[in-house]
Amino acid sequence: MTTAATATRGLVEITKVRKSFGATEVLKGVSLTVEPGGVAVIVGPSGSGKSTLLRTINHLEKVDGGFISIDGKLVGYEVRGERLLELREKEILKQRTEIGMVFQNFNLFPHLTALENVAEAPVVAQGRSKEEARRRGLELLDRVGLKDRAGAYPRQLSGGQQQRVAIARALALDPKTLLFDEPTSALDPELVNEVLDVIRELAKSGTTLIIVTHEMGFARDVADTVAFMDEGQIVEQGSPEQIFTNPQEPRTRSFFSKVLEPAFNI
Amino acid sequence: MATDYSSYRVVAAKHPWRWVGTAVVALGVLAVAWSLATNPRWEWGVVAQWFTAQSVINGLLETLKLTAISGILGFVLGFILALMRLSASPLLVSVSWTFSWIFRSTPLLVQMLLWYNLGYLYEKISLGIPFTDVRFFEMQTTTLISQFAAAVLGLTLNQAAYSAEIIRGGILSVDQGQLEAAAALGIPAWRRSTRIVLPQAMRAILPTAFNEIIGLVKGTSIVYVLAYSELFYTVQVIYNRTQQVLPLLLVATLWYVVITSVLSVFQYYIERHYSKGAVRNLPLTPLQKARKFFATHAVANNRARSL
Ligand SMILES: Nc1ncnc2c1ncn2[C@@H]1O[C@H](COP(=O)(O)OP(=O)(O)OP(=O)(O)O)[C@@H](O)[C@H]1O
Ligand SMILES: [Mg+2]
């Protein structure tokens with residue numbers, strides 16, 4: 001479906017990841033592999049642990065068990081003989097520049113202009129020159145259709161425009177993989193598509209994408225793999241056709257019968 | 001077809017109570033101004049004579065010096081205390097908490113006198129290796145802690161305790177998502193604080209911080225207990241000699257008003273600077289408003305003339 005065959009970087013392997021907050025286990029041994037350039041969509045009911053899983057991938061959340069690797073390199077740890085050494089802050093920050101993240105509520109820096117938002121991290125996290133970061137920032141804003149709003153502050157932009165700036169900001173680090181946590185659920189319905197279109201473009205570009213979303217039509221359209229998550233586990237995964245039209249597990253079936261009904265007509 | 005209202009005249013809404021309120025306030029202001037100007041006991045001549053006298057100006061400079069030094073040191077120390085308080089280390093948190101607790105619970109006057117009389121408690125102050133006889137430096141406490149040093153110490157430590165809380169409050173007011181987004185982008189911790197969090201915290205910090213600094217300007221008058229010749233002590237010395245109490249208090253008051261006014265103008269522009277991006281569109285400054293007013297009215301006048 002996508003150009004996964006041509007991409008050479010961004011292999012994400014999640015193996016038996018566990019995570020608890022206090023006494024409640026939120027991730028109960030989650031495994032998922034996304035091929036380089038692949039697009040994985042994670043769906044599931046609220047509270048099933050989708051956001052937590054995404055946050056473990058860029059080590060915003062430490063795992064309690066299992067491991068995650070990108071192109072064979074462990075996230076957050078270093079293999080030394082038979083031991084796993086926890087990486088220091090500086091090395092974790094460096095790893096994070098290879099994993100972009102786009103948040104549900106954008107989290108743009110409100111006191112910086114669109115261009116400054118995009119050009120900040122390449123300079124301080126990757127040591128690029130200001131001039132280069134600016135030039136590349138304008139390119140990326142152009143790519144998400146916002147070149148003429150480069151000087152605007154986030155509050156002067158619509159929700160959809162803000163989310164597109166946030167996508168450009170994540171792309172500025174040239175990441176191997178991009179994580180999207182419900183990128184359109186804070187948006188008015190008429191603004192959803194302008195953001196989804198940008199993500200569709202990205203899906204064709206060969207960057208590995210992992211997307212949590214409730215937009216089932218979009219998921220079906222863009223995904224190579226769909227994973228259905230419930231109560232901290234991936235209950236079922238497979239191609240979009242498989243999961244949407246012929247789910248095997250009763251839990252998957254009952255979830256889709258609730259969310260797909262009026263909105264999703266094939 | 002809908003009625004076309006474009007030829008109708010717009011009549012502005014009327015606000016009678018606004019006019020009543022304005023009139024009452026205007027009357028009050030007039031009455032105060034009248035009594036100030038006409039009551040001979042204010043002795044405006046004496047005020048004018050002392051307002052720019054050399055000794056008063058010297059006192060004023062001392063006040064400004066004390067405010068600047070203890071204001072800057074106080075806020076720097078307060079910033080460090082705030083970071084300590086927000087850190088993950090329980091030791092740093094409790095040190096910072098204890099500092100604020102002690103200095104906020106003792107009267108400034110007492111602290112000041114305590115510092116000045118430190119020589120009574122500890123005769124010598126020395127710097128060396130603890131529990132050994134090695135001393136790099138040793139001095140009589142009374143020579144080290146002059147009136148000036150006691151004043152700066154007292155004001156600074158006290159100010160630090162209060163500004164630590166103000167800065168901490170500002171930092172806490174910034175959305176947690178901002179830090180998370182910055183961390184996800186690989187931005188280093190120091191840069192996260194200075195570039196992402198602090199500029200946003202400033203909006204909450206500034207109004208209270210200026211309150212504190214303005215309080216400090218007048219608070220410096222408390223060092224008269226150390227017989228330190230800042231503005232207030234200076235006018236006291238003068239009126240004790242000349243018996244012109246009220247006019248000289250007025251001299252000091254007027255200078256405090258001048259300093260506060262200048263600070264308020266600074267405050268306006270600094271707050272405006274940090275509100276970039278926080279409001280959709282920055283309102284015009286008073287200067288810009290005035291310019292716009294004259295520009296549009298000049299145009300109106302020209303048009304009127306050319307008709
Ligand atoms: N920091 C935390 N401390 C305690 N519990 C947490 C924390 N973060 C998440 N949880 C809990 O973990 C569970 C999974 O949360 P998560 O945000 O991953 O769900 P989600 O699948 O993203 O849900 P949604 O679709 O509503 O965003 C929830 O029960 C939540 O209450
Ligand atoms: Mg979530």
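Colleague: Let's start with pairing: in which sense do β1(A) and β4(A) pair, and over how many bridges?

Modeller: Good place to begin! Please keep in mind that this is a predicted model. As a general idea, strands of a sheet pair through backbone hydrogen bonds, and the pairing is either parallel or antiparallel. In this case, β1(A) and β4(A) pair in the antiparallel sense over 5 bridges. To find the pairing by eye, look for A:T15, which stands opposite A:F67 in β4(A).

Colleague: And how many bridges link β1(A) and β2(A)?

Modeller: β1(A) and β2(A) pair over 8 bridges, in the antiparallel sense. Here A:S20 stands opposite A:E25 in β2(A). These two strands form a hairpin with 2 residues between them. In its turn, A:G22 has a positive phi of about 60 degrees.

Colleague: Which strand order does the sheet with these strands have?

Modeller: Reading across, the order is β2-β1-β4-β5 in chain A, an open sheet of 4 strands with antiparallel pairing. The edges are β2 (24-34) and β5 (73-74) of chain A; each has a single partner strand, so one side of each is left without a neighbour in the sheet. At the β5(A) end, 2 bridges join it to β4(A), residues 65-70, and the two run antiparallel. A:I70 stands opposite A:K73 in β5(A).

Colleague: Which helix lies across β1, β2 and β4 of chain A?

Modeller: That is helix α1 of chain A, residues 50-57. Its direction is at about 60 degrees to β2(A).

Colleague: Now a sheet with mixed pairing. In what order do its 6 strands come?

Modeller: The open sheet of 6 strands in chain A has the order β8-β9-β10-β3-β11-β12, and its pairing is mixed. At its edges stand β8 (99-102) and β12 (233-238) of chain A, each with a single partner strand, so one side of each lacks a neighbour in the sheet. From one strand to the next, the twist averages 20 degrees. For a parallel pair, look at β8(A) and β9(A), residues 177-181, which are joined by 4 bridges. There, A:M101 has A:L179 in β9(A) as its bridge partner. Helix α5 of chain A, residues 159-171, packs on the sheet and touches β8 and β9 of chain A. The direction of α5(A) makes about 170 degrees with that of β8(A).

Colleague: Let's visit chain B. How many residues lie between the strands in the hairpin of β1(B) and β2(B)?

Modeller: There are 6 residues between those strands, and in this hairpin B:F131 takes a positive phi near 65 degrees. The strands are β1(B), residues 124-128, and β2(B), residues 135-140, which pair in the antiparallel sense over 5 bridges. B:G128 stands opposite B:R135 in β2(B).

Colleague: Last topic, the ligand. Which residues are around ligand 1?

Modeller: The residues around ligand 1 include A:F21, A:V26, A:P45, A:K50, A:T52 and A:E182. Helix α1(A) gives the largest share of this shell, 3 residues.

Note on methods:
Residues numbered from 1 in each chain as written. Chains lettered and ligands numbered in written order. Predicted model: local features only at pLDDT ≥ 70, side-chain atom pairs only at ≥ 80, totals over all residues. Heavy atoms only, no water. Pairing = 2+ DSSP bridges. Contact = heavy atoms within 4.5 Å. Axes fitted to C-alpha atoms, helices over the stretch in contact; angles between N-to-C directions. Near = heavy atom within 4 Å.
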